[in-house]
Amino acid sequence: MRHYQIPELDQYRNHKMPFFARLICRWHLAKCNRCRARLNQLGTDDLFLRDVKESLKKLDIPENDVAYRQLCDTFQEKPEQHSSV
């Protein structure tokens with residue numbers, strides 16, 4: 001049995017897969033626990049990434065280096081302590 005890879009499952013869930021290929025994939029997903037688990041993991045990953053993006057917005061970290069260093073100076077931290085620089 002051929003299993004679907006992550007890029008194919010992403011196309012399936014985003015309705016970018018051609019119609020007949022989508023039907024075959026749907027039939028396969030009805031029978032294959034492995035591919036269903038991969039598809040579910042994509043949804044879980046999306047939720048995680050959305051939460052991370054929302055958290056970053058709340059942090060309001062400046063994108064330019066000068067503002068970032070000023071922020072570090074304010075909190076008396078070394079910029080090198082952070083992986084974003």
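View 1. Read along the sequence, the pattern is α-α-α-α, where helices (H or I, at least four residues) and strands (E, at least two) are DSSP runs, numbered from the N terminus. Of the 85 residues, 18% are buried, a word that stands for under 20% relative accessible area with a 1.4 Å probe, protein chains only.

**View 2. Helix H1 (residues 6-13) packs with helix H3 (residues 33-59).** Their axes, which are lines fitted to C-alpha atoms over the stretch in contact, lie 10 Å apart at an angle of about 70°, on a scale from 0 to 180 degrees between N-to-C directions. The two helices are therefore roughly perpendicular, the term for angles of 65 to 115 degrees. Contact, meaning heavy atoms within 4.5 Å, is made by Ile-6, Leu-9, Asp-10, Tyr-12 and Arg-13 of H1 together with Cys-35, Arg-38, Leu-39, Leu-42, Gly-43 and Asp-46 of H3.

**View 3. His-28 has its place in helix H2 (residues 19-31).** Is His-28 buried or exposed? His-28 is buried, because its relative accessible area is 6%. Not counting residues up to four places away in sequence, His-28 touches Met-1, Arg-2, His-3, Tyr-4 and Cys-35.

**Notes on all views.** Residues are numbered from 1 along each chain as its sequence is written, and side-chain values use heavy atoms, with hydrogens and water left out. In this predicted model, local features need pLDDT of at least 70 and side-chain atom pairs count only at pLDDT 80 or more, while totals for chains, interfaces and linings use all residues.

Methods
Angles under 35 degrees count as roughly parallel, over 145 as roughly antiparallel, 65 to 115 as roughly perpendicular and the rest as oblique. Buried means under 20% relative accessible area, exposed over 50%, partly exposed in between (1.4 Å probe, protein chains only).
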